[in-house]
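I opened a new protein model today and kept notes as I clicked around. Here is what I looked up, in the order I did it.

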Amino acid sequence: MKFDDFDASMRIYEESLDQYILPDMYIAARLDGRSFTRLTKEVCGFEAPFDARFRDLMTGTVKTLMTDSGFRIIYGYTESDEMSLLFHPEDNTFSRKVRKINTTLAGEASAYFSLALGKAASFDCRVCPLPNMGKVLDYFLWRQEDSHRNSLNAHCYWLLRKEGMTQKEATAELEGKSVAYKNELLFRRGINYNDLPTWQKRGVGLYFTDIEKKGWDPVKQTETVTARREVYTDYELPLGDDYRAMIKRLTETA
């Protein structure tokens with residue numbers, strides 16, 4: 001059998017489960033850290049519940065995926081140990097093949113994060129096809145609301161742990177409790193949840209924006225101003241409808 005025929009006959013099995021995102025669908029991809037609770041708390045000893053060093057590792061990873069992965073990513077979002085990426089509607093990298101998107105993003109995120117941290121770390125990735133802009137906005141609002149829920153729980157849990165409760169006791173104390181109860185729990189210890197840093201409650205967004213750079217023209221002996229497209233890291237994301245409007249604006253101007 002000729003090699004070309006042999007090759008074609010075997011690739012049928014390799015590609016039998018391949019899926020493609022249809023051209024009229026929006027693409028979001030979500031990456032999650034594998035065993036990051038152990039990595040951050042036991043191996044690296046990051047401060048609980050939030051550590052700016054870990055935050056910067058995550059935002060650095062998102063920025064790298066937005067600039068160096070080869071995909072046209074117009075918005076990146078990170079909270080806790082997860083990242084969400086919104087692709088440009090016209091992105092056709094790898095013909096929108098799900099397997100290639102997942103493996104490329106997971107591999108590059110794992111590589112960058114591991115090198116930056118100095119220890120092995122890995123991410124998984126899942127592609128989420130979204131049928132319209134409304135669902136795109138719902139998706140990112142969903143992840144932001146998840147950030148708020150996780151943040152409140154984390155502050156309460158680690159407060160109880162630092163007061164001497166075991167993992168089991170702290171979990172049981174918070175099980176089924178309302179948002180009001182958790183806010184009051186913190187308030188009684190002198191912590192107003194509303195006053196905590198915004199990035200801890202709402203996550204961090206990254207998007208491209210024009211940055212003015214000043215320079216000097218040695219020929220004309222005059223100052224120059226040029227605009228460069230750079231990734232901006234936003235630690236003060238808006239909420240609700242304002243957040244939806246922000247993301248919609250980014251997709252319209254990408």
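These entries go from the whole chain down to single residues.

**Entry 1: the whole chain**

I reminded myself that this is a predicted model. I looked up the secondary structure and got 9 helices and 6 strands. Then I boxed the C-alpha atoms along the principal axes, and the box came out at roughly 70 × 65 × 40 Å. The chain has 254 residues, and 41% of them are buried. For the accessible surface I got about 14,500 Å², with 51% of that belonging to carbon and sulfur atoms. I also checked contacts with a separation of 6 or more: residues 24 or more positions apart account for 68% of them.

**Entry 2: the nonpolar cores**

Which residues have the most contacts inside the largest nonpolar core? I found Leu31, Phe36, Leu85, Phe87, Leu105, Phe113 and Phe123, in a core of 34 residues. The elements giving two or more residues to this core are β1 (26-33), α2 (36-43), α3 (52-68), β3 (82-87), α4 (98-117), β4 (123-130) and β5 (204-217). The largest share, 7 residues, comes from α4.

I picked phenylalanine 113 and listed its contacts, skipping neighbours within four places in sequence. Phe113 touches Phe36, Leu39, Phe54, Leu57, Met58, Thr61, Ala121 and Phe123.

There's also a second, separate core of 18 residues, and its members include Ala28, Tyr77, Val136 and Leu141.

**Entry 3: helix α2**

Next I asked which residues of α2 are buried. They are Phe36, Leu39 and Thr40. These three cover an arc of only 85 degrees around the axis, so they sit on the same side of α2. I turned to the face pointing away from that buried side and found the exposed residues Thr37, Arg38 and Glu42. What covers the buried residues of α2? The cover includes β1, α3, α4 and β4.

Just after α2, I noted that glycine 45 takes a positive phi of about 65 degrees. I kept going into the loop between α2 and α3, where proline 49 sits. The peptide bond from alanine 48 to proline 49 is cis, with omega near 5 degrees.

Is serine 84 buried or exposed? Its relative accessibility is 0%, and buried means under 20%, so Ser84 counts as buried. Serine 84 is in strand β3. I found a polar contact of 2.8 Å between the side chains of serine 84 and tyrosine 139. Leaving out neighbours within four places in sequence, Ser84 has contacts with Ala29, Arg30, Tyr75, Gly76, Tyr77, Tyr139, Phe140 and Arg143.

Serine 80 lies in the loop between β2 (73-79) and β3. Its relative accessible area is 44%, so I wrote it down as partly exposed. I flagged the phi of serine 80, near 55 degrees, as a positive value in a residue other than glycine.

Serine 95 is in the loop between β3 and α4. Its phi is near 55 degrees, again a positive value in a residue other than glycine. At 45% relative accessibility, serine 95 counts as partly exposed.

Key
Residues numbered from 1 in each chain as written. Predicted model: local features only at pLDDT ≥ 70, side-chain atom pairs only at ≥ 80, totals over all residues. Heavy atoms only, no water. Core = buried A, V, L, I, M, F, W, Y, C linked by side-chain atoms within 4.5 Å. Buried < 20%, exposed > 50% of the residue type's maximum accessible area, 1.4 Å probe, protein only. Helix = DSSP H or I, 4+ residues; strand = E, 2+ residues; numbered from the N terminus. Contact = heavy atoms within 4.5 Å. Arc of directions from axis to C-beta. Polar contact = N/O pair within 3.5 Å; in protein donor to acceptor, adjacent residues only side chain to side chain. Areas by Shrake-Rupley, 256 points an atom, 1.4 Å probe, with all protein chains shown as cover.
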